[in-house]
Amino acid sequence: MNLKSLDQKNGNIVLPGERLGVIEEFIPDSGTYVKDSVIYSKIVGKALMDLLNKRVSVYPIMNGVATPKVGAIIIGQVGNAQTDNVLVRIFRVGNKKISGVFGGILHISDVSDRYINSMNEVCKTGDIIRAKVISEKNQIFHLATQDKNLGVLYGFCSRCSTVMNLDRYEMRCPKCGSIEKRKTTIDYGTESL
């Protein structure tokens, strides 16, 4: 990437995954990630190329938006579910909307302090969960729900997709009567989305 094309990106809006430079030329800063020595934008924002200090960063274009970071509490929706992990589409960090599209993975080993046989005991596709970002390895947000305030915020019935009611230690569908298991938060059903 030559200096002219870098100058064209400076101050312009960039999208997640847009190439910004290489690590031989720049030090990656906030709002960026590196893959195969190439620096990419992590968020929707304005690119800032600091040619003097050889740094490249991307700043969110809206005030009050956030990106997931290690230690952050996120809200997301469970997508593809496997026996030992689920993919999560992150749509909120703390109480702020996010800038960009982020995905996370919740592995069975990071769900609970007790033994879990299958992710079906924890959450199902479509459920809304609260989790903590524990790692950002390989540009993937690894999540955990081991604390009592983390887990399923809203569970949806596998049969009819109705929001399930928490009935002591099990989930009960008010429409079809189905009973299912989930790892719920202590404030299940009270979070405003």
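E191 and R130 form a salt bridge, with their closest N and O atoms 2.7 Å apart. E191 belongs to the segment after strand 16, whereas R130 sits in strand 11, so the contact ties together parts that are 61 residues apart in sequence. The model is predicted.

### Salt bridges

Which of the two residues, E191 or R130, is buried or exposed? E191 has 17% relative accessibility and counts as buried. R130 is buried as well, at a relative accessible area of 9%. The cut-off for buried is under 20%.

D187 is partly exposed, with 25% relative accessibility.

A separate pair is E170 with R172, where the closest N and O atoms are 3.1 Å apart. Both ends are partly exposed: E170 has a relative accessible area of 29%, and R172 has 33%. Elsewhere, salt bridges with shared partners join R92, R130, D187 and E191 into one network.

How many salt bridges are there by this rule? The count comes to nine. Three of them are set out below.

| E191 | R130 | 2.7 Å |

Side chains of opposite charge can pair when their charged atoms come close.

### Aromatic pairs

A search of the whole structure gives three aromatic pairs. One of them joins Y33 and Y40: the ring centres are 5.5 Å apart and the planes stand at 25 degrees, so the pair is stacked. Y33 is partly exposed, with a relative accessible area of 21%. The value for Y40 is 21%, which also makes Y40 partly exposed.

F102 and F141 make an edge-to-face pair, with 5.7 Å from centre to centre and 75 degrees between the planes. F102 is in strand 10 and F141 in strand 12, so this pair ties together parts that are 39 residues apart in sequence. Both phenylalanines are buried: F102 has 5% relative accessibility, and F141 has 4%.

### The nonpolar core

The largest nonpolar core holds 37 residues. Which residues have the most contacts inside it? They are L20, I74, M119, C123, I129 and L143. Several strands each supply at least two residues of this core: strand 6, strand 7 (55–60), strand 8 (73–81), strand 9 (85–93), strand 10 (96–107), strand 11 (128–135) and strand 12 (141–144). The largest share, four residues, comes from strand 9.

M119 shows what such a residue touches. Leaving out residues up to four places away in sequence, M119 is in contact with Q82, T83, D84, N85, V86, L106, H107, I108 and V111.

Strand 1 runs antiparallel to strand 6 (residues 45–50), and two bridges join them. Within this pairing, I13 stands opposite K46 of strand 6.

A second open sheet has three strands in the order 2-5-4, and its pairing is antiparallel. Which strands are at its edges? Strand 2 (19–22) and strand 4 (32–35) are, and each pairs on one side only. On average, neighbouring strands of this sheet are turned by 30 degrees against each other, direction ignored.

Strand 4 pairs with strand 5 (residues 38–41) through four bridges, in the antiparallel sense. T32 has S41 in strand 5 as its bridge partner.

Conventions:
Residues are numbered from 1 along each chain as its sequence is written. This is a predicted model: local features need pLDDT of at least 70, side-chain atom pairs count only at pLDDT 80 or more; totals for chains, interfaces and linings use all residues. Side-chain values use heavy atoms; hydrogens and water are left out. Two strands pair if DSSP finds at least two bridges between them. Axes are lines fitted to C-alpha atoms, for helices over the stretch in contact, and angles run from 0 to 180 degrees between N-to-C directions. A nonpolar core is a set of buried Ala, Val, Leu, Ile, Met, Phe, Trp, Tyr and Cys residues joined through side-chain atoms within 4.5 Å. Buried means under 20% relative accessible area, exposed over 50%, partly exposed in between (1.4 Å probe, protein chains only). Contact means heavy atoms within 4.5 Å. A salt bridge is a side-chain nitrogen of Lys or Arg within 4 Å of a carboxyl oxygen of Asp or Glu. Rings of Phe, Tyr and Trp (its six-membered ring) pair if their centres lie within 6.5 Å; planes under 30 degrees apart count as stacked, over 60 as edge-to-face and the rest as tilted.
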